Amino acid sequence: MAEALAAPAPVGRTLSPGELVTTMAHFHRAEILRMTGWRDRLDRTSNWAITVVAAMLSISLSTASAHHGVLLFAMLLVLLLLWIEARRYRFFDVYRARVRQFERHYFAQIFSPQPDFASDWLLVVGESLRTPKFLISQRAALARRLRRNYIHMLLILLLAWTLKLSTPSLLTEGVRIDFVSSVREAVAGAALGPIPGLAIVVLVAALYAGLLVTAFLTASDDGELSFGDVHV
């Protein structure tokens, strides 16, 4: 009975101190490579978003024949890229957290030892390897990427769209450079096919209000951001 209740023996042989250090060094290097790969994917998505904004601004503002809907289409493309980047950021955050575990609990302890500092951190890393799980939600990831990069691009598109609607020379060729005489005239110019301008303005206003709420009123979910201000 005593043998049946005994704790199971560890699987495999115990590593020597030298073997453990070698294993941890190789694992740390591998996690850095995985983190770097996902970081590169984040940068590619951001670069594509910047390219989309620059191209659509050039098309829309360079000639009066370009419809203001080009800028609305650019907003949709940027939102799509934001959603893709938020998904990629969730993967990046998993590997970044593992790397930070090594930096904070292993290497920092070598350079600046602290007594009883997170002695179970290797168990946390081991459970993450057995059952990988996202550390943040899609909404939290979207809010982070929106605050860091995309809110600026979307605001630029909104300003360009407002300029397009409020300046007749950017809507109709042969009209002198001047602003519209009333807000009603600008709203009427926002019409998109059979959809009236007022409906388009309301939809765009609701979209940006939702983005601002998502970016700045999302519940706190700091994770690694709680440790210093050097983060992505």
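Reader: Which helices are included in what covers the buried residues of α4?

Author: What covers them includes α2 (17-62) and α3 (69-111), where contact means heavy atoms within 4.5 Å. Please keep in mind that this is a predicted model, in which local features need pLDDT of at least 70, side-chain atom pairs count only at pLDDT 80 or more, and totals for chains, interfaces and linings use all residues. Residues are numbered from 1 along each chain as its sequence is written, and side-chain values use heavy atoms, with hydrogens and water left out.

Reader: What makes a stretch of the chain a helix, and how many helices are there?

Author: Helices (H or I, at least four residues) and strands (E, at least two) are DSSP runs, numbered from the N terminus. By that rule the chain has seven helices and zero strands, and its pattern reads α-α-α-α-α-α-α.

Reader: Why is Q101 called buried?

Author: Buried means under 20% relative accessible area, exposed over 50%, and partly exposed in between (1.4 Å probe, protein chains only). Q101 has 14% relative accessibility, and therefore counts as buried. This residue is found in helix α3, and, leaving aside residues up to four places away in sequence, Q101 touches Y106, W121, V124 and V125. Over the chain, 37% of the 232 residues count as buried.

Reader: Which residues of α4 are buried, and how do you know that they share a side?

Author: In α4 (residues 121-130) the buried residues are W121, V125, G126 and S128. They cover an arc of only 160° around the axis, which puts them on the same side of α4; the arc is that of the directions from the helix axis to the C-beta atoms. The face turned away from the buried side of α4 carries the exposed residues L123 and R130.

Reader: How do you know that the length of α7 is close to what is expected?

Author: The expected span of a helix is 1.5 Å times one less than its number of residues. Helix α7 (residues 197-216) has 20 residues, and its reach of 29 Å from first to last C-alpha is close to the expected 28 Å. The buried residues of α7 are G197, I200, V204, Y208, L211, T214 and A215. They cover an arc of only 125° around the axis, so they lie on the same side of α7. What covers them includes α3, α5 (138-166) and α6 (183-188).

Reader: What makes a group of residues a nonpolar core, and which members of the largest one touch the most others?

Author: A nonpolar core is a set of buried Ala, Val, Leu, Ile, Met, Phe, Trp, Tyr and Cys residues joined through side-chain atoms within 4.5 Å. The largest such core has 43 residues, of which L146, Y150, L157 and W161 touch the most other members. Two or more residues are given to this core by each of α2, α3, α5 and α7, and the largest share, 15 residues, comes from α3. Apart from this core lies another, of five residues, among them F102, Y106, W121 and V125.

Reader: Where does UniProt place the feature "transmembrane region"?

Author: The unreviewed UniProt entry places that feature at residues 70-86, 150-171 and 191-217, although such annotations may be inferred rather than shown by experiment. In the model, residues 70-86 are 100% helix and 0% strand, with end C-alpha atoms 24 Å apart, while residues 191-217 are 74% helix and 0% strand, with end C-alpha atoms 31 Å apart.
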